Amino acid sequence: MRKLAVARAGGWVAVLACTALSCVGSIGGPDPSENDGTLGRLTYTCTEQQELSRGVTFDHMRRLSHAELVNTLGALLGEAIIGDAEIQTKLSGLPVDEMVLAGDFTDNPPVGTALALFQVSKRAVELAMASPAWKTDHLPSCAGTSPLTDACVEMVVEQFGGQVWRRDLGPAEVQTYLGHYHEAGADTEGLSYLLRRLLQSPSLVFHVEEGAEIENGRIRLTDFEVASRISYLTQNTMPDDALMKAARSGELRSLEGVRAHVKRLLAEEKSHAKVRDFFRYYARLGTVPDPMPAVGEQIGIPDTSGLGAEMRQEAFDFFDHVFWSEGGTFNELMSSSAAFPRSEAMARVFDAQVVSSEQPVASAPSHPGLLHRPALLTSSGGRTSPIVRGARLRKAFLCDEMGMPDPAAVAERKNEVGDIENMSNRDKTTKLTDAPACIVCHARVNGIGFAFEGFDQLGATRSVETVFNEQGEPGATWPIDTTAQSPELEPGGPESLSDSVELAFAMSESRKARACISRRLFEYYHASTVDLPNDSCLLSEEEAQSQSGTLQSVLLATIANEDIFWKQEP
């Protein structure tokens, strides 16, 4: 979030003001008012025809992301080898594939992947072949003897090669690798070459899905391909022994079998890293810069260096606490009074006590829910920006699309209004954006931003607005007005808000916000934009869980659903 907000805070008023482009709600789907049900009105629906085309948005061979590749190599090679400094250097040189916007993941391998994998495989096999312990842990017992027999090499291909390919290899494939072994001179040299060749296999780098059968224009995946999807969607790594066994037994041919393994893997610590990265994507929480030191001094914080990183960590701690709690719901995400100030400075921001454990402070009622995390409220500038705060909420948590402004229109409007710096944020923002070309968007942005004016540039509560100049000297002050008329959160939403706390509780009950987090989970976990005609069935299942279940149940619906069995026929 901070990548979009704080880094551009100085120019956002101009950037967002006065656009001839319209603001539209981007959740999509039919009119929610047309779908009343026991769970309330849903944004997404699923027709019988759509049910028959589930999974067709999977139409390509996706490469492994950086995290998936590193984790897979770690699982194949073990911590001792993957932790080698030379190997780490080669892998760290590849792009990290951090998703910022939906659909920005490219299927094309980054430049240098092939060379890096060649160098990694060469170094890894050197280390592995010099380690009797590695051979014992990763290869059949016969691999430690000399000379090697063809039968032993076939076992190596079946065992280690099956892990690389993430499926059982057929007899012809095993014989092909046996041929490579002999071409390299057999015995130790042949085995080293065989292992290097396996570690450079396209099946290691790509999610290869050939499928088993065609039905209604779709390809039904093999059980091993389903197992691979389950594992990478939950933990960003190759299937474990239990999943491979389930694939061989036919256990993954039913949705019940898939759900059981998804639940098992989500309960493991390995899944937490991916959930945390989803939160980064959902909240758009990139690097958080340190606030202006003079602002900190106003509330007794003598040094704000490193405070941005602390704020970011606190936001992740908060999300982890809500998501992994037994009853962690969307309502709790938006309204919980939990907080994790781990320093005196953060305690002052929250007006709470310092905590050092995994448990939050007893209560931080002034900062309810995700929207009041200091990481999402802070600014590195001398004043807060209602436009930044309002636009962030609209775009990140309500999935509203907002057109970018015409630079010429922005410049013209700034010339029209002249110098408006000697005004409160509310008056300045209103003056700048009340032109007809501007108000289309800003009628929906400004009020929400004004509701947060009770929080300063650190995200601490305040009773007056104080502006600091570039030298960090406090200047004029103005009274705070946090009211918002006609916030237009969604049809049937509140007609007015007294402040951001009231806004947070309105968001906690919002159907639109629930549909939005469902959409964001889809985008992140499927590394794709939404194709409404084909994805509505899955989105409707996610949204239903967001209304009646926990956040974990929404994630379960995102992964364990009918789409996991299918891909589009070429």
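1. A cavity here is a set of grid points where a 1.4 Å probe fits but cannot get out. The model examined for such spaces is a predicted one, and six cavities of 30 Å³ or more are counted in it. The second largest cavity has a volume of about 90 Å³.

2. The lining of that second largest cavity draws on several parts of the chain. Arg63, Leu64, Ser65, His66 and Leu69 are among the lining residues. Leu94, Pro95 and Asp97 also line the second largest cavity, as do Pro109, Pro110, Thr113 and Val205. By class, seven of the lining residues are nonpolar, three are polar and two are charged.

3. Arginine 62 deserves a separate entry. This residue sits in the loop between α2 (48-51) and α3 (66-77). Its side chain makes a polar contact with the side chain of glutamate 68, at 3.1 Å. With neighbours within four places in sequence set aside, arginine 62 is in contact with Glu68, Phe105, Asp107, Phe206 and His207.

4. On confidence, the chain has a mean pLDDT of 90, and 93% of its residues reach 70 or more. Residues 1-22 stay under 50 in pLDDT, and the model has 80 contacts beyond four places in sequence for this stretch. Over residues 29-39 the pLDDT is likewise below 50, and here the model has 16 contacts beyond near neighbours in sequence.

Notes: Residues are numbered from 1 along each chain as its sequence is written. Side-chain values use heavy atoms; hydrogens and water are left out. pLDDT is the predictor's confidence in each residue, from 0 to 100. Contact means heavy atoms within 4.5 Å. Helices (H or I, at least four residues) and strands (E, at least two) are DSSP runs, numbered from the N terminus. A polar contact is a pair of N or O atoms within 3.5 Å; within protein, one must be able to donate a hydrogen and the other to accept it, and residues adjacent in sequence count only if both atoms are side-chain atoms. On a 1 Å grid over the protein atoms alone, a cavity is a set of points where a 1.4 Å probe fits but cannot get out, and a pocket is an open set with protein on both sides within 12 Å along at least five of seven lines; lining residues have an atom within 4 Å of a point. Grid points are joined across faces, edges and corners, and a volume is the space filled by probe spheres set on the points. Ala, Val, Leu, Ile, Met, Phe, Trp, Tyr, Cys and Pro count as nonpolar, Asp, Glu, Lys and Arg as charged, and the others, Gly among them, as polar.
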